[in-house]
Amino acid sequence: MSSVTAPRLGLPNLGYGVGLRNCHLQHIMEHGAQVDWFEIISENFIGNYGWSRYVLDSLAERMPIVMHGVSLSLGSSDPLDFHYLGQLKGLASAVAPAWISDHLCWTGVAGINSHDLLPLPLNEESFNHVARRLKVVQEYLERPLLIENPSSYLTFSQSTIPEWEFLGALTRETGCGLLLDVNNVYVSAHNHGFDAEHYIRAIPADRVVQLHIAGPTDYGDYLIDTHDHPVPARVWELYALAQELTGGVSTLLEWDANIPDYPNLLAELDKARQVLAGRRPQVPVAQATAGTPLSNPIDFQLNEPHVRAATP
Ligand SMILES: [Fe+2]
(Lines give C-alpha, C1' and ligand atoms only; values in the text may rest on other atoms or scores of the structure.)
Protein backbone atom coordinates (compact mmCIF):
# COMPACT_ATOMS: atom_id res chain seq x y z
CA MET A 1 0.00 0.00 0.00
CA SER A 2 1.81 3.11 -1.17
CA SER A 3 -0.50 5.38 0.82
CA VAL A 4 0.89 3.94 4.05
CA THR A 5 4.10 5.89 3.67
CA ALA A 6 2.42 9.13 2.61
CA PRO A 7 2.30 11.92 5.20
CA ARG A 8 -0.71 11.51 7.48
CA LEU A 9 -1.58 8.40 5.45
CA GLY A 10 -3.59 10.55 3.07
CA LEU A 11 -6.33 10.77 5.70
CA PRO A 12 -8.39 13.96 5.95
CA ASN A 13 -8.93 16.42 8.77
CA LEU A 14 -12.49 15.52 9.74
CA GLY A 15 -12.93 18.58 11.93
CA TYR A 16 -14.49 18.38 15.40
CA GLY A 17 -16.19 15.29 16.76
CA VAL A 18 -17.35 13.56 19.91
CA GLY A 19 -17.66 9.96 21.02
CA LEU A 20 -21.05 8.48 20.15
CA ARG A 21 -22.65 7.49 23.48
CA ASN A 22 -26.01 5.83 24.13
CA CYS A 23 -27.27 8.60 26.42
CA HIS A 24 -27.18 11.05 23.50
CA LEU A 25 -28.71 8.94 20.75
CA GLN A 26 -32.28 10.12 21.21
CA HIS A 27 -31.20 13.77 21.19
CA ILE A 28 -29.08 13.22 18.09
CA MET A 29 -31.96 11.57 16.25
CA GLU A 30 -34.31 14.39 17.19
CA HIS A 31 -32.00 17.38 16.75
CA GLY A 32 -29.24 16.21 14.42
CA ALA A 33 -25.58 15.45 14.98
CA GLN A 34 -24.28 19.04 15.13
CA VAL A 35 -20.69 17.75 14.92
CA ASP A 36 -18.46 16.98 11.95
CA TRP A 37 -17.93 13.33 12.83
CA PHE A 38 -18.35 10.63 15.47
CA GLU A 39 -15.94 8.17 17.04
CA ILE A 40 -17.45 4.88 18.20
CA ILE A 41 -16.06 2.30 20.57
CA SER A 42 -15.86 -0.59 18.13
CA GLU A 43 -16.68 -3.24 20.73
CA ASN A 44 -20.01 -1.56 21.55
CA PHE A 45 -21.23 -2.29 18.03
CA ILE A 46 -19.81 -5.75 17.36
CA GLY A 47 -22.76 -8.14 17.36
CA ASN A 48 -25.06 -5.21 18.10
CA TYR A 49 -28.15 -5.11 15.90
CA GLY A 50 -30.34 -3.05 18.21
CA TRP A 51 -31.46 0.54 18.15
CA SER A 52 -28.01 2.00 18.80
CA ARG A 53 -26.73 0.13 15.77
CA TYR A 54 -29.63 1.52 13.74
CA VAL A 55 -28.63 5.02 14.83
CA LEU A 56 -25.00 4.36 13.93
CA ASP A 57 -25.91 3.02 10.50
CA SER A 58 -28.09 6.03 9.77
CA LEU A 59 -25.34 8.43 10.88
CA ALA A 60 -22.74 6.54 8.85
CA GLU A 61 -24.77 7.18 5.72
CA ARG A 62 -24.28 10.92 6.01
CA MET A 63 -21.13 11.68 8.02
CA PRO A 64 -17.69 10.26 8.85
CA ILE A 65 -17.41 7.59 11.52
CA VAL A 66 -14.14 6.47 13.12
CA MET A 67 -13.80 3.10 14.86
CA HIS A 68 -11.83 3.23 18.11
CA GLY A 69 -11.08 -0.16 19.64
CA VAL A 70 -9.99 -1.28 23.09
CA SER A 71 -9.36 -5.01 22.56
CA LEU A 72 -6.49 -5.34 20.11
CA SER A 73 -4.04 -5.99 22.96
CA LEU A 74 -1.00 -5.37 20.76
CA GLY A 75 1.41 -5.67 23.67
CA SER A 76 0.11 -8.97 25.03
CA SER A 77 2.05 -12.22 24.82
CA ASP A 78 -1.19 -13.99 23.92
CA PRO A 79 -1.66 -14.79 20.24
CA LEU A 80 -3.56 -12.18 18.23
CA ASP A 81 -7.30 -12.79 18.51
CA PHE A 82 -8.43 -13.41 14.94
CA HIS A 83 -12.00 -14.01 16.04
CA TYR A 84 -12.06 -10.44 17.33
CA LEU A 85 -10.20 -9.18 14.27
CA GLY A 86 -12.76 -10.85 12.03
CA GLN A 87 -15.55 -9.09 13.92
CA LEU A 88 -13.68 -5.81 13.64
CA LYS A 89 -13.23 -6.26 9.92
CA GLY A 90 -16.90 -7.11 9.53
CA LEU A 91 -17.96 -3.98 11.39
CA ALA A 92 -15.58 -1.93 9.26
CA SER A 93 -17.05 -3.27 6.05
CA ALA A 94 -20.52 -2.26 7.27
CA VAL A 95 -19.67 1.15 8.73
CA ALA A 96 -16.91 2.16 6.27
CA PRO A 97 -14.99 4.12 8.91
CA ALA A 98 -12.60 6.90 7.98
CA TRP A 99 -10.04 4.89 9.97
CA ILE A 100 -9.62 2.39 12.81
CA SER A 101 -7.59 3.01 15.95
CA ASP A 102 -6.48 1.24 19.12
CA HIS A 103 -3.87 1.71 21.82
CA LEU A 104 -0.24 1.02 22.62
CA CYS A 105 -1.09 -1.37 25.45
CA TRP A 106 -2.10 -4.86 26.39
CA THR A 107 -5.48 -5.75 27.85
CA GLY A 108 -5.02 -9.27 29.13
CA VAL A 109 -3.05 -12.49 29.12
CA ALA A 110 -3.83 -16.23 29.19
CA GLY A 111 -7.21 -15.44 27.66
CA ILE A 112 -8.22 -13.20 30.57
CA ASN A 113 -9.48 -9.75 29.60
CA SER A 114 -8.66 -7.09 32.20
CA HIS A 115 -10.93 -4.59 30.46
CA ASP A 116 -8.21 -2.04 31.04
CA LEU A 117 -5.51 -0.53 28.85
CA LEU A 118 -2.33 -1.71 30.53
CA PRO A 119 1.13 -0.24 29.91
CA LEU A 120 4.04 -2.35 28.71
CA PRO A 121 7.80 -2.15 29.10
CA LEU A 122 9.19 -0.07 26.27
CA ASN A 123 12.39 -1.62 24.94
CA GLU A 124 13.75 -3.25 21.80
CA GLU A 125 12.16 -6.60 22.57
CA SER A 126 8.67 -5.16 23.11
CA PHE A 127 9.09 -2.90 20.09
CA ASN A 128 9.80 -5.85 17.81
CA HIS A 129 6.86 -7.73 19.35
CA VAL A 130 4.39 -4.87 18.91
CA ALA A 131 5.63 -3.91 15.45
CA ARG A 132 5.38 -7.48 14.18
CA ARG A 133 1.84 -7.87 15.50
CA LEU A 134 0.75 -4.49 14.20
CA LYS A 135 1.97 -5.36 10.71
CA VAL A 136 -0.08 -8.58 10.82
CA VAL A 137 -3.18 -6.69 11.98
CA GLN A 138 -2.85 -4.00 9.33
CA GLU A 139 -2.37 -6.60 6.63
CA TYR A 140 -5.44 -8.50 7.85
CA LEU A 141 -7.61 -5.39 8.08
CA GLU A 142 -6.19 -4.18 4.76
CA ARG A 143 -5.56 -0.67 6.07
CA PRO A 144 -3.16 1.22 8.31
CA LEU A 145 -4.26 1.67 11.91
CA LEU A 146 -3.84 4.64 14.20
CA ILE A 147 -2.14 3.83 17.50
CA GLU A 148 -2.92 5.93 20.57
CA ASN A 149 -0.55 6.78 23.39
CA PRO A 150 -2.04 5.45 26.66
CA SER A 151 -2.28 7.14 30.03
CA SER A 152 -0.23 5.28 32.62
CA TYR A 153 0.40 5.13 36.34
CA LEU A 154 3.57 3.10 36.53
CA THR A 155 6.67 2.50 34.47
CA PHE A 156 8.91 -0.54 34.15
CA SER A 157 12.55 -0.86 35.12
CA GLN A 158 12.93 -2.85 31.86
CA SER A 159 11.97 0.21 29.76
CA THR A 160 14.83 1.70 27.78
CA ILE A 161 12.95 3.72 25.14
CA PRO A 162 10.87 6.84 25.92
CA GLU A 163 7.26 6.45 24.85
CA TRP A 164 7.50 9.25 22.27
CA GLU A 165 10.49 7.56 20.62
CA PHE A 166 8.75 4.18 20.73
CA LEU A 167 5.69 5.57 18.93
CA GLY A 168 7.81 7.48 16.42
CA ALA A 169 9.76 4.34 15.57
CA LEU A 170 6.53 2.32 15.42
CA THR A 171 5.00 4.58 12.79
CA ARG A 172 8.21 4.47 10.73
CA GLU A 173 8.53 0.69 10.99
CA THR A 174 4.89 -0.28 10.37
CA GLY A 175 3.35 2.63 8.46
CA CYS A 176 0.72 3.12 11.17
CA GLY A 177 -0.65 6.55 11.97
CA LEU A 178 -0.80 8.09 15.42
CA LEU A 179 -3.74 9.11 17.54
CA LEU A 180 -2.19 11.62 19.91
CA ASP A 181 -4.19 11.93 23.13
CA VAL A 182 -2.91 15.19 24.60
CA ASN A 183 -4.76 14.53 27.85
CA ASN A 184 -2.98 11.18 28.17
CA VAL A 185 0.33 12.96 27.61
CA TYR A 186 -0.59 15.42 30.36
CA VAL A 187 -1.66 12.64 32.75
CA SER A 188 1.41 10.45 32.15
CA ALA A 189 3.79 13.43 32.24
CA HIS A 190 2.43 14.40 35.64
CA ASN A 191 2.52 10.84 36.97
CA HIS A 192 6.03 10.07 35.73
CA GLY A 193 7.65 13.50 35.85
CA PHE A 194 8.49 14.04 32.19
CA ASP A 195 7.93 17.17 30.11
CA ALA A 196 4.59 16.96 28.26
CA GLU A 197 5.58 19.63 25.76
CA HIS A 198 8.80 17.79 24.91
CA TYR A 199 6.74 14.63 24.31
CA ILE A 200 4.43 16.38 21.85
CA ARG A 201 7.31 18.10 20.04
CA ALA A 202 9.13 14.76 19.74
CA ILE A 203 6.20 12.94 18.13
CA PRO A 204 6.46 12.99 14.30
CA ALA A 205 3.76 15.55 13.54
CA ASP A 206 3.20 14.39 9.98
CA ARG A 207 2.13 10.96 11.28
CA VAL A 208 -0.52 12.33 13.67
CA VAL A 209 -3.96 11.86 12.15
CA GLN A 210 -6.19 12.55 15.15
CA LEU A 211 -6.13 14.17 18.58
CA HIS A 212 -8.03 13.21 21.73
CA ILE A 213 -8.91 15.72 24.41
CA ALA A 214 -10.50 14.88 27.76
CA GLY A 215 -10.66 15.91 31.39
CA PRO A 216 -8.73 13.96 34.06
CA THR A 217 -9.05 14.04 37.85
CA ASP A 218 -6.35 14.94 40.36
CA TYR A 219 -6.17 12.25 43.05
CA GLY A 220 -3.19 13.77 44.82
CA ASP A 221 -0.10 11.79 43.88
CA TYR A 222 -1.69 10.87 40.59
CA LEU A 223 -3.73 12.28 37.79
CA ILE A 224 -6.24 9.67 36.69
CA ASP A 225 -7.56 9.57 33.12
CA THR A 226 -11.22 9.67 34.16
CA HIS A 227 -12.84 11.34 31.12
CA ASP A 228 -15.46 12.78 33.44
CA HIS A 229 -14.70 16.52 33.71
CA PRO A 230 -14.16 19.52 31.44
CA VAL A 231 -10.79 19.75 29.69
CA PRO A 232 -8.35 21.67 31.93
CA ALA A 233 -6.24 24.65 30.85
CA ARG A 234 -2.97 22.72 30.58
CA VAL A 235 -4.53 20.17 28.23
CA TRP A 236 -5.84 23.01 26.07
CA GLU A 237 -2.30 24.41 25.90
CA LEU A 238 -0.97 21.04 24.77
CA TYR A 239 -3.84 20.75 22.29
CA ALA A 240 -2.95 24.13 20.79
CA LEU A 241 0.68 23.06 20.49
CA ALA A 242 -0.26 19.78 18.81
CA GLN A 243 -2.50 21.56 16.31
CA GLU A 244 0.26 24.08 15.59
CA LEU A 245 2.80 21.31 14.96
CA THR A 246 0.48 19.14 12.86
CA GLY A 247 -1.02 22.00 10.91
CA GLY A 248 -4.51 20.89 11.92
CA VAL A 249 -5.89 17.38 12.38
CA SER A 250 -9.15 15.81 13.52
CA THR A 251 -10.22 16.65 17.07
CA LEU A 252 -12.23 14.27 19.26
CA LEU A 253 -13.61 15.08 22.71
CA GLU A 254 -13.78 12.01 24.96
CA TRP A 255 -16.27 12.06 27.84
CA ASP A 256 -17.17 8.68 29.32
CA ALA A 257 -18.48 9.17 32.87
CA ASN A 258 -20.66 11.84 34.43
CA ILE A 259 -21.52 12.58 30.81
CA PRO A 260 -23.21 15.96 30.32
CA ASP A 261 -26.27 16.39 28.14
CA TYR A 262 -25.59 16.83 24.45
CA PRO A 263 -25.77 20.65 24.30
CA ASN A 264 -23.22 20.93 27.10
CA LEU A 265 -21.01 18.33 25.44
CA LEU A 266 -21.10 20.42 22.27
CA ALA A 267 -20.24 23.53 24.30
CA GLU A 268 -17.15 21.76 25.61
CA LEU A 269 -16.18 20.72 22.08
CA ASP A 270 -16.63 24.32 20.94
CA LYS A 271 -13.82 25.33 23.29
CA ALA A 272 -11.45 23.53 20.88
CA ARG A 273 -12.47 25.95 18.14
CA GLN A 274 -11.96 28.83 20.57
CA VAL A 275 -8.48 27.57 21.45
CA LEU A 276 -7.50 27.55 17.79
CA ALA A 277 -8.79 31.13 17.63
CA GLY A 278 -6.29 32.04 20.33
CA ARG A 279 -8.36 31.81 23.49
CA ARG A 280 -7.37 29.62 26.45
CA PRO A 281 -10.20 28.41 28.71
CA GLN A 282 -8.96 28.80 32.27
CA VAL A 283 -10.35 25.56 33.61
CA PRO A 284 -8.66 24.02 36.66
CA VAL A 285 -7.98 20.30 36.90
CA ALA A 286 -10.84 18.57 38.69
CA GLN A 287 -9.86 17.65 42.25
CA ALA A 288 -10.94 14.38 43.81
CA THR A 289 -12.26 14.77 47.31
CA ALA A 290 -11.62 12.21 50.01
CA GLY A 291 -13.51 9.05 49.22
CA THR A 292 -14.30 10.09 45.66
CA PRO A 293 -14.61 6.85 43.74
CA LEU A 294 -12.89 6.47 40.41
CA SER A 295 -15.33 6.66 37.57
CA ASN A 296 -13.61 3.75 35.89
CA PRO A 297 -14.97 0.39 37.09
CA ILE A 298 -11.78 -0.52 38.92
CA ASP A 299 -12.16 -2.06 42.34
CA PHE A 300 -9.38 -0.62 44.43
CA GLN A 301 -8.92 1.94 47.18
CA LEU A 302 -6.46 4.81 46.97
CA ASN A 303 -4.55 3.58 50.00
CA GLU A 304 -3.94 0.07 48.64
CA PRO A 305 -0.26 -0.92 48.53
CA HIS A 306 -0.08 -1.49 44.78
CA VAL A 307 -1.20 2.10 44.18
CA ARG A 308 1.39 3.55 46.56
CA ALA A 309 4.05 1.28 45.08
CA ALA A 310 3.59 2.95 41.73
CA THR A 311 4.76 6.34 43.00
CA PRO A 312 7.34 7.55 40.47
FE1 LIG B 1 -7.90 8.81 24.28
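Colleague: Against which helices and strands do the buried residues of helix 6 pack?

Modeller: Two remarks on reading come before the reply. This is a predicted model, in which local features need pLDDT of at least 70 and side-chain atom pairs count only at pLDDT 80 or more, while totals for chains, interfaces and linings use all residues. Residues are numbered from 1 along each chain as its sequence is written. Helices (H or I, at least four residues) and strands (E, at least two) are DSSP runs, numbered from the N terminus. The buried residues of helix 6 pack against strand 8, helix 7 (196-202), strand 9, strand 11 and helix 8 (233-246). Two residues are in contact if their C-beta atoms, placed from the backbone, lie within 7 Å.

Colleague: How many residues of helix 6 are buried, and which are they?

Modeller: A residue is buried if 20 or more other C-beta atoms lie within 10 Å of its own, exposed if 12 or fewer, and partly exposed in between, with C-beta atoms placed from the backbone. In helix 6 (residues 182-192), 9 of the 11 residues are buried, so this helix is largely enclosed by the rest of the structure. The buried residues are Val182, Asn183, Asn184, Val185, Tyr186, Val187, Ser188, Ala189 and Asn191. Glycine 193 follows helix 6 and has a positive phi, near 80°.

Colleague: At what angle do helix 6 and helix 8 pack?

Modeller: Two packed helices are described by the angle between their axes and the distance between the axes. Axes are lines fitted to C-alpha atoms, for helices over the stretch in contact, and angles run from 0 to 180 degrees between N-to-C directions. For helix 6 and helix 8 the angle is about 125°, and the axes are 9 Å apart. Helix 6 is therefore oblique to helix 8. Angles under 35 degrees count as roughly parallel, over 145 as roughly antiparallel, 65 to 115 as roughly perpendicular and the rest as oblique.

Colleague: Is the crossing of helix 6 and helix 8 left-handed or right-handed, and which residues meet there?

Modeller: A crossing is left-handed if the near helix is turned anticlockwise from the far one by less than a right angle, and right-handed if clockwise. The crossing of helix 6 and helix 8 is right-handed. From helix 6, Val182, Asn183, Val185 and Tyr186 meet Arg234, Val235, Leu238, Tyr239 and Ala242 of helix 8. The residues of this contact comprise 7 nonpolar, 1 polar and 1 charged. Ala, Val, Leu, Ile, Met, Phe, Trp, Tyr, Cys and Pro count as nonpolar, Asp, Glu, Lys and Arg as charged, and the others, Gly among them, as polar.

Colleague: How do helix 3 and helix 4 pack?

Modeller: Helix 3 (residues 82-95) and helix 4 (residues 124-141) form an angle of about 40°, with axes 10 Å apart. Helix 3 is thus oblique to helix 4, and their crossing is right-handed. Leu85, Leu88, Lys89 and Ala92 of helix 3 make the contact with Val137, Tyr140 and Leu141 of helix 4. These contact residues divide into 6 nonpolar, no polar and 1 charged.

Colleague: Which strands does strand 9 join, and by how many bridges?

Modeller: Two strands pair if DSSP finds at least two bridges between them. Strand 8 (residues 177-181) runs parallel to strand 9 (residues 208-213), joined by 4 bridges, and leucine 178 stands opposite valine 208. Strand 9 also runs parallel to strand 12 (residues 250-253), again with 4 bridges; here isoleucine 213 stands opposite leucine 253. Strand 9 is mostly covered, with 6 of its 6 residues buried.

Colleague: Which residues lie on each side of strand 4?

Modeller: In strand 4 (residues 100-103), Ile100 and Asp102 are on one side and Ser101 and His103 on the other, and all are buried. Strand 4 pairs in the parallel sense with strand 3 (residues 65-68) over 2 bridges, and serine 101 is the bridge partner of histidine 68.

Colleague: What is the phi of glutamine 34, and what is that of serine 73?

Modeller: Most residues other than glycine have a negative phi. Glutamine 34 has a positive phi, near 60°, and serine 73 likewise has a positive value, near 55°. Glutamine 34 is in the loop between helix 1 (25-31) and strand 2 (37-41). With 13 other C-beta atoms within 10 Å, glutamine 34 is partly exposed. Serine 73 is in the loop between strand 3 and helix 3, and counts as buried with 24 C-beta neighbours inside 10 Å.
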